[in-house]
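Dear colleague,

I am passing on the structure below, and my notes on it follow. Please read them alongside the coordinates.

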Amino acid sequence: MIFSHEIYMFNILIVDDEKNQREMLKGFLAKKGYHTLVSSNAKDALAVVREEQIDMVLTDYQMPGMTGQELMQEIKKINPFILVVIFTAYGTIERVVTAMKSGAYDYLTKPIDLDELLIVIQRGVDYLHLVEENRELRDALSQRYSFKNIISGSGKMEEVLSMVSRVARADTTVLIRGESGTGKELIAHAIHFNSLRAKCSFIKVNCAALPENLLESELFGHEKGAFTGAIQRRIGRFEEADRGSIFLDEIGDMSLALQAKLLRVLQEKEIQRVGANSSLRVDVRIIAATNKDLEQGIKEGSFRQDLYYRLNVVPVFLPPLRERKEDILQLIDFFQEKYNRQCQKQVKGVTKEVRDQLFKYSYPGNVRELENIMERAIVLTRHEYITLRDLPPNLISDLQEKDLALGYIGSDPSSLEDSVLALEKELIDRALRLSDGVQTKAAESLGISERVLRYKIKKYQIGN
Ligand SMILES: Nc1ncnc2c1ncn2[C@@H]1O[C@H](COP(=O)(O)OP(=O)(O)OP(=O)(O)O)[C@@H](O)[C@H]1O
Ligand SMILES: [Mg+2]
């Protein structure tokens, strides 16, 4: 069924050298709610097609200068999706056959039967809707498929993914930011495999893992004899990534000297192997990631501002897990399935207490930490459901500490100082118990000196 607002969006161009015919059609279609434009010759018609968003062209076959069929062929060069309907005089069926063969959408014989015309147009509207729907469906499918390993239960993550799918195809440099374990590498993968470069290599380099000189030859390669130990020419990762993408992980840890070299690559799109005299052109898309505060790095002089601007063309921020708790439950299910498969287990789920604890926890290690917790629990558990005992002890104690803290503060909110003192006493007491009364150990676990610890023990009269 066609709704009126959709009819208005369907633009029809009428091309006919006979004024009366043009006007009649325009008037008739306007009454039926269609938006139309008119041209009296092929040349004008092509100009309109170039400038306007036209969905269908109704053209006469016989016109001075160019036939309707020739016009159709020119139109298709500009926009192959425009539907062209050709009007022919009665008895010229061969023309119709060739026109249809060369891509006309339909034809009508003159004099035009207006009811028939309406049917043809409505079929065109439906057809374009189908094409559009189909395209959207395919897009959605390919998106779901290629992002199938990325969980997004929260609006924040949905936003990230929609940004990622848009940016993937744009071929621009991308800078992915986020705390450790938030999924930066996962997103870098998704960008590459959803880009036009997907069939070429995705090369990953961890800029924090190698000392400066090694990293340089890792990235750009070296010539034989470039330095002691360079017994053979080596192809660098940039060259390997040619026509594909390079993922520069932990870019914030790159030395200033290498930053300068990388900047040159970004500007010139050329690399120079260590020890080489000439440069090589490379066509590489750069996807960089860091958990460092680059803006602070710029202020402190440890990160080049010009490189920052070159990299930060499209920034993608991955929020920490504690700021998108809606993702937690879906991630639990996702990892449960993943590790059931990997460990050949059949764990059915987590108990309510576990779910609550996992929901409350703050995840300094973000998604990776949750993943590790789930993996460990699935390996350890002897039951169908993961219980509190399958969670790491530090997680439970971290949560208890928070409850404890809140308990003190909650007990008498009017006196913050008393609460803090009581909490401090409790923590010292516990640290001493956990270290079997060994003060050196207790002091270390609390991050204070032994002298301060002794003073506080006395102050709170602990152990008396
Ligand atoms: N949204 C998500 N859905 C599913 N798995 C995720 C998601 N985010 C992260 N992970 C998983 O969490 C783990 C850590 O992710 P990743 O290595 O991409 O993080 P990172 O930000 O690069 O961390 P680091 O800064 O420590 O290098 C990976 O196993 C990854 O597959
Ligand atoms: Mg990483």
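**Domain 2 against domain 3**

Seven residues of domain 2 touch nine residues of domain 3, contact being taken as heavy atoms within 4.5 Å. This is a predicted model, in which local features need pLDDT of at least 70 and side-chain atom pairs count only at pLDDT 80 or more, while totals for chains, interfaces and linings use all residues. Residues are numbered from 1 along each chain as its sequence is written, ligands are numbered from 1 in the order in which they are written, and side-chain values use heavy atoms, with hydrogens and water left out.

Domain 2 spans 155–319 and domain 3 spans 322–391, with bounds from an automatic or database domain assignment. Together they bury about 730 Å², of which carbon and sulfur atoms give 34%; this is the accessible area (1.4 Å probe) that the two parts lose on being put together, summed over both. On the domain 2 side, Glu-179, Gly-181 and Pro-319 lose the most area to domain 3, together 51% of what that side buries.

Two salt bridges are counted between domain 2 and domain 3, the criterion being a side-chain nitrogen of Lys or Arg within 4 Å of a carboxyl oxygen of Asp or Glu. Lys-156 forms a salt bridge with Glu-323, with the closest N and O atoms 4.0 Å apart.

**Ligand 1**

An oxygen atom of ligand 1 lies 2.6 Å from a side-chain N or O atom of Lys-184, and an oxygen atom of ligand 1 is 3.0 Å from a polar backbone atom of Glu-185. Taken alone, ligand 1 exposes 630 Å², of which the protein buries 87%, with accessible areas from the Shrake-Rupley method with a 1.4 Å probe.

Best regards

Key: A polar contact is a pair of N or O atoms within 3.5 Å; within protein, one must be able to donate a hydrogen and the other to accept it, and residues adjacent in sequence count only if both atoms are side-chain atoms.
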